[in-house]
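Subject: Model handover and notes

Dear colleague,

Please find the model below, with its sequence. My notes come after it.

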Amino acid sequence: MNRFGRIRGYGLGLIALAVALSTTGYFLAGQILNRPAQQRMPLVTRTVVSISSARGSLELPVYKISNPRQLEAFARQNLKANQGILYRFPQARDDGWTGLGFKTAASVAFLDSQGKILTILDVEPCPTPLQGKGCRSYDPGVVYRQALEVPRGWFAQNQVEPGALVSVRLPEGSQ
């Protein structure tokens, strides 16, 4: 076989591989989208949390995210001045937190599984990693199951401190 024939063979093989991958992707997307609505788990849910503070009970609209790695940048970029993002994790964690995807600085409360605030940190924005380097990581120094991000200074302005309780209130009309 000559050189041209080998190149042609590789080219046809790559085209066949691309068609197979595309077909598989369409098949899997169809399987997911054709599932009944009750079987699909929303990635982002809008809800309200109630927070105890020195000023009394506060309510804060939040995005409740079930898969933070997938949508954190989207939600963080669309966060308004008096909103938050509540992350819930299936297992306890003690790893650091970054400002990846933030356009502005934020404050992050780290909570236990019962909703008690263990510590609060201020996090600087890192819209994209800089020149191949990652964003700064902030160590909360505690083991947590939830994290609540709000615009920087929101906790201080509303006199919310470690020890305060955060509870999720289901949106009206949901059960």
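This is a predicted model: local features need pLDDT of at least 70, side-chain atom pairs count only at pLDDT 80 or more; totals for chains, interfaces and linings use all residues.

Residues are numbered from 1 along each chain as its sequence is written, and side-chain values use heavy atoms, with hydrogens and water left out.

Overall fold

The chain has three helices and nine strands, taken as DSSP runs numbered from the N terminus (helices: H or I, at least four residues; strands: E, at least two). Read from the N terminus, the order is α-β-β-α-β-β-β-β-β-β-α-β. Of the 175 residues in the chain, 30% are buried; buried means under 20% relative accessible area, exposed over 50%, and partly exposed in between, with a 1.4 Å probe and protein chains only. Among contacts (heavy atoms within 4.5 Å) with a separation of 6 or more, 64% are between residues 24 or more positions apart.

Nonpolar cores

In soluble globular proteins, nonpolar side chains tend to be buried together. A nonpolar core is here a set of buried Ala, Val, Leu, Ile, Met, Phe, Trp, Tyr and Cys residues joined through side-chain atoms within 4.5 Å. The largest one has 16 residues, and I51, L60, L148, W154 and V160 have the most contacts inside it. Two or more residues each come from β1 (44–53), β2 (56–65), β5 (106–111), β8 and α3 (154–157). Strand β2 gives the largest share, three residues. L60 has contacts with T47, V48, V49, I51, N82, Q83, G84, L148, V150 and W154, leaving aside its neighbours within four places in sequence. There is also a second, separate core of 14 residues, which includes I85, F89, V108 and Y144.

Aromatic rings

Rings of Phe, Tyr and Trp (its six-membered ring) pair if their centres lie within 6.5 Å; planes under 30 degrees apart count as stacked, over 60 as edge-to-face and the rest as tilted. The count by this rule is eight aromatic pairs. Y87 and W97 form an edge-to-face pair, because their ring centres are 5.3 Å apart and their planes are at 70 degrees. Y87 belongs to strand β3 (residues 84–93) and W97 to strand β4 (residues 97–98), ten residues apart. Y87 is buried, at 0% relative accessible area, and W97 is buried as well, at 6%. Ring pairs join Y87, F89, W97, F110 and Y144 into a cluster. R93 lies over the face of F89, 4.0 Å from the ring centre; the rule for a charge over a ring is NZ of Lys or CZ of Arg within 6 Å of the ring centre and within 35 degrees of the ring normal.

Q146 lies in strand β8 (residues 144–151) and is buried at 7% relative accessible area. Its side chain makes a polar contact of 3.1 Å with the side chain of R88 and reaches the backbone oxygen of D112 at 2.9 Å. Beyond four places in sequence, the residues that Q146 touches include Y87, F89, F110 and G115.

S107 is in strand β5 and is buried at 2% relative accessibility. The side chain of S107 is in polar contact with the side chain of D122 at 2.6 Å, and a polar atom of the S107 side chain lies 3.1 Å from the backbone nitrogen of G153.

S137 is in strand β7 (residues 137–138) and counts as partly exposed, at 47% relative accessibility. Leaving aside neighbours within four places in sequence, S137 is in contact with G96, W97 and T98. The C-alpha atoms of S137 and V123, 14 residues apart along the chain, are separated by 8.7 Å.

Regards

Note on methods
A polar contact is a pair of N or O atoms within 3.5 Å; within protein, one must be able to donate a hydrogen and the other to accept it, and residues adjacent in sequence count only if both atoms are side-chain atoms.
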